Amino acid sequence: MLSKKIEAALNKQVTIEAESSQVYLAMASWAENLGFEGVSQFMYAHSDEEREHMLKLIKFINERGGHAKVSQLAAPPTAFGSFKDMFQTLFDHEVMVSKSINDLVDISLQEKDYATHNFLQWYVSEQIEEEALARNILDKINLIGDDKSGFYLFDNDIKQLITNPKEASI
Ligand code: OFO
């Protein structure tokens with residue numbers, strides 16, 4: 001059974017994952033409008049992944065006798081500056097999510113809720129991967145600089161970084 005404190009903290013994370021999904025969806029749409037097919041596919045897939053993260057939390061909260069709440073979400077921006085700015089925003093966003101997951105782990109230990117602690121380890125590993133991926137993409141963008149043909153190749157290459165092939169066909 002979840003304590004009220006853990007239930008509230010997990011529900012806060014549900015909102016964060018849902019908002020992450022919305023932010024990446026907005027990035028996908030923005031990139032699609034600019035004609036960058038690869039980047040938009042990557043962002044659509046990433047948005048779906050965040051929704052999966054949210055669903056996983058919802059199931060866990062309900063399974064453990066809590067009530068997962070679906071709340072109002074903050075509207076994401078509609079434009080993201082340059083690609084570099086957009087991927088920097090993505091990286092900063094993931095760092096914020098990692099911090100939030102770490103805080104949750106901390107609360108689970110304070111509450112001696114080892115089942116939740118165990119459940120959260122999946123998110124801890126996921127955040128390591130997501131931060132590394134975002135850093136890797138930023139490095140590539142920095143290498144490209146202002147080279148237009150470099151961006152064309154990057155748009156094509158990024159398709160290989162889509163983790164779930166099912167979602168890549170969006
Ligand atoms: Fe991109 O992170 Fe969810 O957890």
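**Rings and helices, by the cut-offs**

Student: Why does F83 count as buried?

Tutor: F83 has 8% relative accessibility, and buried means under 20% relative accessible area, with exposed over 50% and partly exposed in between (1.4 Å probe, protein chains only). So F83 counts as buried. Keep in mind that this is a predicted model, where local features need pLDDT of at least 70 and side-chain atom pairs count only at pLDDT 80 or more, while totals for chains, interfaces and linings use all residues. Residues are numbered from 1 along each chain as its sequence is written, and side-chain values use heavy atoms, with hydrogens and water left out.

Student: What makes F36 and F83 an edge-to-face pair?

Tutor: Rings of Phe, Tyr and Trp (its six-membered ring) pair if their centres lie within 6.5 Å, and planes under 30 degrees apart count as stacked, over 60 as edge-to-face and the rest as tilted. F36 and F83 sit 4.6 Å centre to centre with 85 degrees between the planes, hence edge-to-face. F36 is in the loop between α1 (4-33) and α2, and F83 is in helix α3, so the pair ties together parts 47 residues apart in sequence. Helices here are DSSP runs (H or I, at least four residues), numbered from the N terminus.

Student: And how is F36 classed, at 23% relative accessibility?

Tutor: That value makes F36 partly exposed.

Student: Why is the pair of F60 and F119 called stacked?

Tutor: Its planes are 5 degrees apart and its centres 3.9 Å apart, so by the ring cut-offs it is stacked. F60 belongs to helix α2 and F119 to helix α4 (residues 114-144), 59 residues apart. F60, at 9% relative accessibility, counts as buried, and F119, at 15%, counts as buried too.

Student: How do you know that α2 and α3 are roughly parallel?

Tutor: The axes of α2 (residues 37-63) and α3 (residues 83-110) cross at roughly 15 degrees and come within 13 Å. Axes are lines fitted to C-alpha atoms, for helices over the stretch in contact, and angles run from 0 to 180 degrees between N-to-C directions. Under 35 degrees counts as roughly parallel, over 145 as roughly antiparallel, 65 to 115 as roughly perpendicular and the rest as oblique. Therefore α2 and α3 are roughly parallel.

Student: What are α4 and α5 called, then?

Tutor: α4 and helix α5 (residues 148-157) pack at about 155 degrees, with axes 9 Å apart, and are therefore roughly antiparallel. Their contact (heavy atoms within 4.5 Å) is made by I137, K140, I141 and I144 of α4 and G150, F151 and F154 of α5.

Technical notes: Helix = DSSP H or I, 4+ residues; strand = E, 2+ residues; numbered from the N terminus.
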